[in-house]
Amino acid sequence: MAFSLLLPLPNSFSSPPPRLRPFSSPNSFPSIPITKTLVAPTSRPRVSRSLPPPSSLSLQDLSVLQESLFDLFLASPPTWKSAIGSNLVIFLLGSPVLVSGLSASGIGAAFLLGTLTWRAFGSAGFLLVATYFVVGTAATKLKITQKEALGVAEKRQGRRGPGSVIGSSAAGCVCALLSIYGIGGASFAALWQLGFVANFCTKLSDTVSSEIGKAYGRTAYLVTTFKVVPRGTEGAVSVEGTVAGLLASIFLGSVGYFLGEVDIPQVAICVVASQIANFGESLIGAALQDKEGFQWLNNDVVNVLNISIGSILAVVMQQFMLGHWHP
């Protein structure tokens with residue numbers, strides 16, 4: 001038995017072991033070719049809509065809008081609706097110009113003034129006020145850097161606020177309201193219109209004379225004593241400013257004539273009334289403004305007094321001195 005254990009093993013045991021197949025996990029499956037079938041999406045039935053082409057629709061809308069705007073602008077006599085609508089359109093289109101000359105609150109006040117003006121005197125009255133605004137703003141902007149260096153420039157780089165708007169138009173607004181509500185009847189309608197034009201002739205003359213005097217005036221004199229004073233002093237006048245103010249009043253009165261607001265004799269009345277009013281304003285500024293007890297008398301209040309004097313003088317002169325031209 002021990003001998004048999006020493007015998008060599010059979011060749012079958014000496015051959016290499018058989019190769020084992022790799023173990024396949026239960027999740028492994030042979031690859032099966034899958035054929036993809038593309039299914040075309042079901043097309044939804046198209047609903048035919050009978051809409052006009054976009055181009056013809058927009059042209060139709062533009063035509064309707066144009067007619068509506070013409071109705072607003074040409075409404076005669078003007079209504080509150082036409083006045084508000086016309087002002088909205090003009091203020092939107094003219095916003096770059098308005099922003100250069102007015103603060104945000106000033107634009108709001110100007111819109112109310114424009115609406116009232118249009119309701120009372122139509123597009124002609126509005127154009128008169130617009131002319132005043134453009135010329136007055138241009139004069140205010142002249143040599144603005146030099147005026148700021150001297151401390152005589154308008155605040156906010158010449159952009160005026162609601163106080164300035166009221167101070168420039170208070171008398172004209174009163175005349176507009178008197179006209180709208182027919183105070184005095186038809187015989188007084190022309191007087192209120194004249195007072196309205198005189199308001200803005202007076203204020204433009206005052207603005208231009210002041211701004212040109214501050215920018216180009218060589219010598220400024222105090223109106224009460226004719227003493228030489230610095231440019232921009234309240235109550236001071238200069239030759240350059242006075243001449244410019246007179247020309248500005250003539251110019252705006254002529255614009256009123258071409259717009260049909262006043263006739264030639266009334267233009268002369270507006271010019272004379274504006275110069276008397278401006279002289280009166282200079283007296284008030286020199287004698288009372290910035291004096292003790294008159295701190296309330298600021299520029300806006302003085303402006304209201306100025307334009308009120310101009311409007312009242314124009315109405316009085318028309319009624320008593322030149323009344324025979326308009327029986």
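Axes are lines fitted to C-alpha atoms, for helices over the stretch in contact, with angles between N-to-C directions running from 0 to 180 degrees. The model is predicted: local features need pLDDT of at least 70 and side-chain atom pairs count only at pLDDT 80 or more, while totals for chains, interfaces and linings use all residues. Residues are numbered from 1 along each chain as its sequence is written, and side-chain values use heavy atoms, with hydrogens and water left out.

**View 1. Helix 8 against helix 9.** The axes of helix 8 (residues 162-180) and helix 9 (residues 186-216) come within 8 Å and cross at roughly 170 degrees; helices are DSSP runs of H or I, at least four residues long, numbered from the N terminus. The two are therefore roughly antiparallel (angles over 145 degrees). Contacts (heavy atoms within 4.5 Å) join residues of helix 8, including Gly167, Ala171 and Cys175, to residues of helix 9, among them Trp192, Phe196 and Lys203. By class, this contact has seven nonpolar, seven polar and one charged residues (Ala, Val, Leu, Ile, Met, Phe, Trp, Tyr, Cys and Pro count as nonpolar, Asp, Glu, Lys and Arg as charged, the others, Gly among them, as polar).

**View 2. Helix 6 against helix 9.** Helix 6 (residues 104-141) and helix 9 have axes that come within 9 Å and cross at roughly 10 degrees. Helix 6 is therefore roughly parallel to helix 9 (angles under 35 degrees). The contact comprises 13 nonpolar, six polar and two charged residues.

**View 3. The salt bridge of Lys147 and Glu211.** Four salt bridges are found in the whole structure (a side-chain nitrogen of Lys or Arg within 4 Å of a carboxyl oxygen of Asp or Glu). In one of them, the closest N and O atoms of Lys147 and Glu211 are 2.7 Å apart. This pair links distant parts of the chain, with Lys147 in helix 7 (residues 144-150) and Glu211 in helix 9, 64 residues apart.

Notes:
Parallel < 35°, antiparallel > 145°, perpendicular 65-115°, else oblique.
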